[in-house]
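Please look over the sequence and the model shown below.

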Amino acid sequence: MNFAENITQLRRNIGMTRKEAAEKLGITLQAYSAYEQGKREPRLDNVVRLADLFGVSTDVILMHTPISYTKIKNHLQKIMPIAIKELGDSRINVTVFTSSNYNFAPSVNMSHDDLVSIYERARKSSHDLESGIREIIIDEYAMAIFENHKELRVVDILPDIDDIVENHE
């Protein structure tokens, strides 16, 4: 990933448009678009503003260092309803709170490295960061349920097309 792709992904992760980013940075839409298209690089003061805008360090903006577990944990707790409980030995319990329409909150035990990996996968997904994290955690939760409860099985609630044709005739 290059600088232009990186800031594009960071902007999308927080659900912001190019126009909104440009306004918050105090630059024109054309100037900001040129950053994301790789046609222009920002001045140092705008690199600092980009980092502040996206809630990351300038190193992350410039892609100099990998994002640490602690930074990811702090960032996720700022942008979404999530609880991360330390269990010891670099193990954590992550609970993602879903919308009020659901009466459950998926909770998964994992390592610090697992959370870093999930964060990176979510950043590369087509979703915004919060949706990507939520989707991956819910998938991990479902997998853990099925692994711990062998009696559970997935049931296809959609009938086969042959059954539909037979019943229709």
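Ser 90 is partly exposed, with 43% relative accessible area, where partly exposed covers the range between buried, under 20%, and exposed, over 50%, as found with a 1.4 Å probe on protein chains only. Ser 90 sits in the loop between β1 and β2, and although it is not a glycine, it has a positive phi of about 60 degrees. The loop between β1 (82-88) and β2 (91-96) also holds Asp 89, which counts as exposed because its relative accessibility is 79%. Asp 89, likewise not a glycine, has a positive phi of about 55 degrees. Most residues other than glycine have a negative phi.

This is a predicted model, in which local features need pLDDT of at least 70 and side-chain atom pairs count only at pLDDT 80 or more, while totals for chains, interfaces and linings use all residues. Residues are numbered from 1 along each chain as its sequence is written, and side-chain values use heavy atoms, with hydrogens and water left out.

## The strands and their pairing

Helices (H or I, at least four residues) and strands (E, at least two) are DSSP runs, numbered from the N terminus, and two strands pair if DSSP finds at least two bridges between them. β1 and β2 are paired antiparallel over 6 bridges, with Ile 82 standing opposite Val 96 in β2, and they form a hairpin with 2 residues between them. β2 is joined in turn to β3 by 5 bridges, again in the antiparallel sense, and here Ile 92 stands opposite Met 110 in β3. Of the 6 residues of β2, 5 are buried, so that the strand is mostly covered.

## Val 108 in β3

Val 108 belongs to strand β3 (residues 107-111) and is buried, at a relative accessible area of 8%. Leaving aside neighbours within four places in sequence, Val 108 is in contact (heavy atoms within 4.5 Å) with Ile 92, Asn 93, Val 94, Ile 137, Glu 140 and Tyr 141.

The structure holds 1 aromatic pair: the rings of Tyr 32 and Tyr 35 have centres 6.1 Å apart and planes at 70 degrees, so the pair is edge-to-face. Rings of Phe, Tyr and Trp (its six-membered ring) pair if their centres lie within 6.5 Å, and planes under 30 degrees apart count as stacked, over 60 as edge-to-face and the rest as tilted.

Both residues lie in helix α3 (residues 29-36), 3 residues apart, or about one turn of the helix. Tyr 32 counts as buried at 0% relative accessibility, and Tyr 35 counts as buried at 2%.
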